[in-house]
Amino acid sequence: MALDSETHVRSRVPFLDERSAVEKLRSRIRLTPMTVFWTLITFILVIPILLFLSVAFSPRLMSQGHQWFTLASFKPVFSGAYGLALLHSLILGVVAAVGAMTIALSMAWLVLRTNTPARILWNTTIFALFLAPSYLIALGWQRLFEQRGVLEIMGFYVEPIRNLLYGPVGICLVLMVKGIPFAYLVIANAMRGLGEEFEQAVRVHGGSRFEAFKVMASLLMPSLFSAMAIVFAEAISDFGVASTLSSVGHFSVATYQLYQGINSIPVNFPVSAATSLTLLSLVILAILAQNRALRGRSFRTLSGRTRPATQTKLSLFGKFTTSTYIVLLLVITLGIPVFGAISASMLQGLGSLLSHYTINFSNYSRVFHSRFLRNPLIYSTEMSLITATLAVGLAAIASKVLTSARNSRAKRFVDFFLLAAVALPGIVFAIGYIFTYNLKFINDLGLHIYGTSFLLALAYTANALPSTSRSLVGNMGQIQESMMDAARVHGSGAAKAWVDVTMPLIARPLLIAWLLTFSGTLLELPVSELLYPPGSPPVAVGIELSLAGFDYGGGTAIEVLSILWALVVVAVAFFLFNRFAPPGWKRLGNLR
Amino acid sequence: MKKKANENAYRVEIKGASKHYGALKALNNFDLTIEPGTFTVLLGPSGSGKSTLIRSIAGIERLDSGSIAFGDRVVADNGFHMAPEKRDLAMVFQDYALWPHMTAFENVAYALKRRNLDATESSRRVNEALERVGLAVKGPNYPFQLSGGEQQRVALARAIVGRPSLLLFDEPLSNLDADLRERLRVEIATLTREIGATACYITHDQSEAFALADQIGVLRAGELQQIAAPEEIYRQPANRFVAAFTGISGSFLGTVIESHKHEVIVQLGAQRLECRTPGKLKVGDSVEVLVRPSATSLSHHHSNSLPAIVLDVAYRGRGYEHVVECEFGVISSVFANESVARGSRVEIYIDPHNCLAFPSEKRAADVVAIPELSHSK
């Protein structure tokens with residue numbers, strides 16, 4: 001038979017008995033995608049995280065003190081300013097998670113299951129929200145409502161709103177806005193895989209529309225809890241709001257407290273590590289609560305038998321009400337910060353004490369003509385392309401490990417480290433990298449990568465991997481394992497089966513994950529600030545430098561152009577997908 | 001139809017196969033041989049290890065210990081595990097496992113990729129396979145555009161299109177309605193025999209097993225209870241479990257009062273019943289008498305019959321099946337050409353050849369007589 005030549009033709013038992021331990025070991029450590037995956041996970045996630053966190057218990061290990069083991073670093077974390085900041089972060093995280101999940105669920109239903117006219121605006125909005133880091137959203141609001149800001153220049157009295165903005169309400173609002181797209185994508189992807197048969201089963205058994213909605217919500221429960229866990233983790237580890245509204249409004253949060261610790265002289269790394277560990281614990285508690293609520297249930301609803309859902313036809317009143325809701329949401333989440341950024345970018349003299357202001361495009365012109373303003377955008381684009389590709393590849397493997405039916409050690413390990421990394425603020429992550437890749441033994445190994453683009457790309461990837469993996473878990477969990485088994489027994493190796501079966505089934509979520517990572521990296525702030533190679537500032541650092549130099553116009557112009565550029569990439573990617581992807585790839589998740 | 005084995009059909013030999021899931025023993029030192037070109041059905045209840053076994057043969061599961069060989073080719077042994085794609089087999093899954101992003105044509109064509117055929121030949125074979133399962137015009141349809149039966153037919157076409165050396169069936173009919181199940185069963189039987197592949201089919205449905213198999217293996221708790229031709233399994237079950245799982249219409253507890261090699265007479269209350277036994281029983285042994293459906297009939301025989309009352313009657317086209325209640329329990333599937341009204345008193349003849357006695361730990365005296373019938377006496 002032809003196939004025999006391709007396969008291992010093995011004689012019976014005597015040959016097998018000669019298989020040595022060395023051969024078995026060699027066969028186990030051969031270069032496979034999983035070997036590459038575990039090696040990368042070890043070097044970009046495990047080692048930097050563990051080394052930095054170990055400082056909390058053992059300052060001497062990293063030459064940060066004299067004791068080999070102490071818990072003294074934790075004392076300041078739970079008292080005084082650190083304790084208060086931690087409490088603030090916890091409350092803000094819970095409120096943002098519940099709020100973002102609720103809004104995202106309603107939007108997923110409106111967009112995917114109804115014919116409300118305003119739904120066409122939502123996908124663009126979601127991507128724009130993803131593109132805009134929290135510090136840019138906060139800066140947009142700030143430019144509008146600050147003293148001698150855009151609205152005051154226009155003659156509006158905005159002091160009461162400013163007081164709200166520079167406090168818990170404003171911070172929570174921005175964190176919730178930033179959480180909505182994360183929650184939406186997780187919930188919407190799960191909803192796409194949820195065929196109409198479940199709703200129909202409720203209706204034909206006497207259930208009302210509301211009853212059917214409740215059943216749908218139950219089936220979506222894994223994704224709802226995942227969404228809340230992601231938003232909570234993102235909120236308590238957010239640095240963008242901490243560096244803007246929190247610092248200006250003097251409402252401390254844990255990450256800002258951490259930042260202050262790192263910037264104090266001498267740097268108190270052990271306390272920073274202890275604070276990071278505490279933040280980690282908060283996230284782990286959230287995940288434990290999630291697991292307890294789910295009690296190990298997983299709802300595998302996507303299979304070859306899934307039928308696409310039909311659309312609910314809304315009445316005229318329904319269309320009006322839902323469209324008003326969507327438009328209102330757009331104005332609050334995106335409209336105001338965008339207006340703040342665009343108006344600020346077009347105002348000449350903002351940030352100065354001038355009494356006369358002009359509106360023109362000269363700030364944009366400066367961006368195009370100055371290499372100091374332009375080059376960061378080019379550099380960040382290159383880094384984002386590399387990072388997005390690497391992170392999505394790794395995230396796909398990680399999510400596969402996380403959704404495997406068996407509760408293996410590998411699964412628990414990946415789960416723990418990805419969650420740990422979600423909770424770690426980017427700035428702490430960057431410090432972990434500085435630590436690790438300046439260590440003597442790393443240099444002795446010939447790894448002189450500190451201060452290079454290579455290290456920056458690794459840090460970006462490690463930073464993006466946890467949330468990217470989490471966003472794919474819901475979809476990966478919906479794929480019946482028998483479909484991969486079928487590909488394997490019908491002649492495809494693991495990699496080919498993955499490319500032929502799994503990838504097309506999650507093509508859209510993969511594309512979305514890639515675009516999110518790309519755009520997230522394009523405007524990333526904390527890792528960029530600490531790890532960028534000398535002379536090559538990424539775009540976020542370019543914006544910060546401009547704003548620090550009171551060039552509000554130039555800074556906001558780069559900000560606007562960067563977001564526009566990311567939107568262009570998103571639009572082109574979706575155009576290419578819709579134009580060239582095979583029909584079967586596009587069918588999944590579409591309405592009938 | 002007399003089958004003709006494909007010259008490439010595998011001889012499957014499983015030796016000492018064991019597989020644990022935590023504390024659960026899915027397979028326990030399991031031995032099985034399947035001759036080339038034969039159709040073997042593995043029959044067992046949930047948790048008997050049949051899915052684990054077929055998935056281990058496919059290479060989807062790894063054995064903890066033991067070996068599997070296809071002819072001279074070892075595919076699993078002592079930690080060695082050959083990947084599924086290298087085993088040259090095909091499989092039909094319980095949930096069909098069709099790929100939703102591919103059309104029916106593409107699903108079937110996928111299984112031909114390993115044959116490296118040119119596009120024309122590949123297309124011809126796919127169309128032929130689809131035509132063979134009655135879906136020639138459904139090639140461009142996606143799985144969600146097909147009914148359950150059509151989806152499983154596509155899965156069947158995908159399995160046979162590459163003319164594999166081994167065909168595995170993982171309860172392929174369990175998600176279908178009765179009529180479809182019967183029609184597809186016939187298609188599976190004929191198509192498998194046409195291509196002459198060795199076939200291994202798992203099910204918990206004994207009627208499916210008897211209809212399809214050249215040999216049936218009955219599994220329980222990861223162990224093979226008996227493997228034999230369907231007729232032998234039915235007539236000479238190795239133990240009570242095999243007999244019970246391969247179809248009975250009722251059972252009674254009694255005591256042996258006469259024993260002649262494989263024939264015994266069992267005392268049931270005031271009645272005596274002649275039965276067969278696969279083992280050795282002696283006078284005084286407590287036994288459980290298992291009655292095959294084919295053993296019963298409404299009759300006026302004077303010997304080997306029990307008085308009963310008709311509880312229910314169902315029209316089955318060629319006649320009527322009755323459920324009756326006698327002093328010692330309920331007997332179902334009692335066939336008669338004419339219906340007998342519910343509540344009627346009847347005599348049930350029990351054919352000694354299809355009435356099997358097995359040793360029982362329970363004693364007849366422990367069983368409380370059915371009050372209603374006692375009263376009616």
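Predicted model: local features only at pLDDT ≥ 70, side-chain atom pairs only at ≥ 80, totals over all residues.
Local features are given only at pLDDT of at least 70 and side-chain atom pairs only at pLDDT 80 or more, while totals for chains, interfaces and linings use all residues. Residues are numbered from 1 along each chain as its sequence is written, and chains are lettered from A in the order in which they are written.

**Figure 1. Chain A and chain B in outline.**
Chain A has 29 helices and 2 strands. Chain B has 9 helices and 21 strands. Helices (H or I, at least four residues) and strands (E, at least two) are DSSP runs, numbered from the N terminus. Of the 592 residues in chain A, 49% are buried. For the 377 residues of chain B, the buried share is 45%. A residue is buried if 20 or more other C-beta atoms lie within 10 Å of its own, exposed if 12 or fewer, and partly exposed in between; C-beta atoms are placed from the backbone. Contacts (C-beta atoms, placed from the backbone, within 7 Å) are counted next. Among those in chain A between residues at least 6 apart in sequence, 80% join residues at least 24 apart. The corresponding figure for chain B is 69%. The C-alpha atoms of chain B fill a box of roughly 75 × 45 × 40 Å, taken along the principal axes.

**Figure 2. The largest nonpolar core.**
This core has 280 residues. It is a set of buried Ala, Val, Leu, Ile, Met, Phe, Trp, Tyr and Cys residues joined through C-beta atoms within 7 Å. Ala183(A), Ile187(A) and Val231(A) have the most contacts inside the core. The core also draws at least three residues from each of domain 1 (12-240) and domain 2 (248-376) of chain B. Leaving aside residues up to four places away in sequence, Ile187(A) touches Ala104(A), Leu105(A), Ala108(A), Leu220(A), Ser223(A), Leu224(A) and Ala227(A). In soluble globular proteins, nonpolar side chains tend to be buried together.

**Figure 3. The two domains of chain B.**
Domain 1 spans 12-240 and domain 2 spans 248-376. These bounds come from an automatic or database domain assignment. The domain centres, taken over C-alpha atoms, are 38 Å apart.

**Figure 4. An open antiparallel sheet in chain B.**
The sheet has 5 strands in the order 2-1-4-5-6, with antiparallel pairing. Two strands pair if DSSP finds at least two bridges between them. Strand 2 (24-34) and strand 6 (80-81) are the edge strands, each pairing on one side only. Strand 1 (residues 12-21) is joined to strand 2 by 7 bridges. Within this pair, Ile14(B) has Leu32(B) in strand 2 as its bridge partner.

**Figure 5. Helix 3 of chain B.**
Helix 3 (residues 119-132) has 14 residues. From first C-alpha to last, the helix reaches 20 Å, close to the 20 Å expected at 1.5 Å a residue. The expected span is 1.5 Å times one less than the number of residues. Arg125(B), Val126(B), Ala129(B) and Leu130(B) are buried. Seen down the helix axis, the buried residues fall within an arc of 135 degrees, so they line one face of helix 3. The arc is that of the directions from the helix axis to the C-beta atoms. Thr120(B), Glu121(B) and Arg124(B), on the other side, are exposed. Cover for the buried residues includes helix 2 (104-110) and helix 4 (148-160) of chain B. Gly134(B) follows helix 3, with a positive phi near 80 degrees.

**Figure 6. Strand 12 of chain B and its partners.**
Strand 12 (residues 250-260) runs antiparallel to strand 15 (residues 286-291), joined by 6 bridges. Gly254(B) has Val287(B) in strand 15 as its bridge partner. Strand 12 also runs antiparallel to strand 13 (residues 263-268), here with 5 bridges. His260(B) stands opposite Glu263(B) in strand 13. The hairpin of strand 12 and strand 13 has 2 residues between the strands, and Lys261(B) takes a positive phi near 55 degrees.

Glu171(B), a residue other than glycine, has a positive phi near 40 degrees. Its place is the loop between strand 8 (166-170) and helix 5 (178-195) of chain B. Glu171(B) counts as partly exposed because it has 19 C-beta neighbours inside 10 Å. For Asn304(B), also not a glycine, phi is positive and near 50 degrees. Asn304(B) lies in the loop between strand 16 (296-298) and strand 17 (305-315) of chain B. With 19 C-beta neighbours inside 10 Å, Asn304(B) counts as partly exposed.

Key:
Contact = placed C-beta atoms within 7 Å.
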